[in-house]
Amino acid sequence: MNTVDILRDLAIIVVCAKAFGLIARKLRAPMVVGEIIAGLVIGPCLLDIVKPTDFISMMAEIGVVLIMFSAGLETNLQELKKSGLAAFIIACVGVLVPLVGGSLLYMGMYGFAAFGTDEFFKGVFIGCIMTATSVGITVEVLKEMGHLSSRVGQTILSAAIIDDIIGIIVLTFVLGFKDPNSNTLLVSGKIVLFLVLSAILGYIFYKIFKLYDERHSHTRRIPIIAIGLCLVMAFVAEKYFGIADITGAYIAGIILCNTRDAEYIDRKVSINGYMFFAPMFFVGIGLKTDFSGVDKSMILFSIGFVIVALLTKIIGCGLVSKCFSYKWTDCLKIGIGMMTRGEVALIITNKGLGLGIIDSSYFTAVILLIIVSSIVTPMLLKLLFNKFPEQLPVGDKKIGQSS
C-alpha cells in the first residue's frame, strides 16, 4: 500500500467519522456510535471504499492506548475514597454477575466446554465484554437533573470507576490464562508482580512528577512526559509481563490523575485522540465488522447478549445496593445507571479479535448493546428520578435554579 492510498483512506476516515459522529450527537446518541456506523458505511459491509489494513490497525491500537490513558487520568481517587466500601462491593458484584451471565449465555447457546479449552475461554471472554460500564451518558443525565452530587449519583459514578478497574484486571487474567499451556501460578504471579511494581514505582514517579509539575506547570513538556509514561507502561506491561497494553496505559493515567495538571494533560491527549487516533479505532471497528457471518444463530445470540448484559447490571448492582440501606427505588436507579456500555466494551472486544479468541461477527452484538443501552438508560433514569425523587444534599441544586 503506497503513501497516496494511505492519505486517501485517512482523509475518508477522519471526515466520515466526524460527520457521522455529529449526526449521532444531534440524535442524542454517543458520538462513538456514529463513528462505528461510519466504518460500516465506508467499509466492506456497504460502500467498500476503505478496506481494513495493517496500518489502520496500528493507528487504532495507538488510539485505544490513548483512550485508556485518558480514562485513567479522569479517575477521581478522592471520590473513590469517599464512596468507600459500598461502591467497591457494588462494583465487584456488578462485574461478577455479568461475567457469569455472559459466560452462561454463550455456553448455553453453543454448548458447555471443559475448563482450559478454547470454547471455555471464549465463553468467559463474552462475559468479560459485559463487565465494562460506560457512565458518560449517565453522568450527563444526572448533571442535567441536578442529581450528580446526590448519594445515588455519587455511588453510580464511584462504582463505575471501580467497575472499570476490576473489569480490566479480570480481562488481564483471562488473556493470561487463554493459552492452555500457560502456567497458572506463573500467570498469576506476573499479574500480581506488575500491579505491585506499578504501585511502588507509580508512587515514586508521582512524587517526582508532582514536584516537577509544580515548578513547570502548564508547560508543553508536561503532557509529553505524561504520554511517554503511558507508552512505556503499555510496552512494559505487554512485553515483559504478558499483560494487555491497555492495562499499562490505564494504570499510567491513574498514577497521574491526582497531579495538578491532570486535567491539562488529559485535554492535550484528548486533542490527538479526538482529532485522529480515536476515529481510527472506532471506524476501524466498523471496517472489521463482518455481517456475512451473521446468521440466525448470531442474531438470536445478539438479542440474548443485550438482554443479559442489561439485566445482569440491574440485578448485580441493584440488589447488592440494598445491603447499604438504599430504598428499592434507589437500588433500581443504581442498577440502571450502571447499564450503559461504550468504549471499554469495544476495546475488550477488539482485543479478543486481535488474539483470535472471537471473530468479527461478535461486534454485531456489542454494537447493538451500546446503541440500546445508550438510548434506554437516560429514558429510564429520567422516569425514575421524576417519579421517585431523591433527597438532594444541602447546596445541590438543579441546573437552572438560582442560588
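User: Before we start, what should I know about the model and its numbering?

Analyst: Residues are numbered from 1 along each chain as its sequence is written, and side-chain values use heavy atoms, without hydrogens and water. The model is predicted, with local features needing pLDDT of at least 70 and side-chain atom pairs pLDDT 80 or more, while totals for chains, interfaces and linings use all residues.

User: What is the volume of the second largest pocket?

Analyst: Rolling a probe the size of a water molecule over the atoms shows where empty space is left. A pocket is an open set of points, on a 1 Å grid over the protein atoms alone, where a 1.4 Å probe fits, with protein on both sides within 12 Å along at least five of seven lines. Here the second largest pocket has a volume of about 490 Å³ (the space filled by probe spheres set on the points, which are joined across faces, edges and corners).

User: Which residues lie nearest its centre?

Analyst: Lining residues have an atom within 4 Å of a point. The second largest pocket has 17 of them, with Ser-198, Ala-199, Ile-251, Ile-254 and Ile-255 nearest its centre. Two or more lining residues come from each of helix 4 (77–110), helix 7 (151–177), helix 8 (184–215) and helix 10 (245–256); helix 8 gives the most, with 6 residues. Helices are DSSP runs (H or I, at least four residues), numbered from the N terminus.

User: How does the lining divide by class?

Analyst: It has 13 nonpolar, 4 polar and no charged residues (nonpolar: Ala, Val, Leu, Ile, Met, Phe, Trp, Tyr, Cys and Pro; charged: Asp, Glu, Lys and Arg; polar: the others, Gly among them).

User: At what angle do helix 9 and helix 10 pack?

Analyst: Axes are lines fitted to C-alpha atoms over the stretch in contact (heavy atoms within 4.5 Å), and angles run from 0 to 180 degrees between N-to-C directions. Helix 9 (residues 221–241) packs on helix 10 at about 140 degrees, with axes 7 Å apart. That makes helix 9 oblique to helix 10 (under 35 degrees is roughly parallel, over 145 roughly antiparallel, 65 to 115 roughly perpendicular, the rest oblique). Their contact has 11 nonpolar, 1 polar and 2 charged residues.
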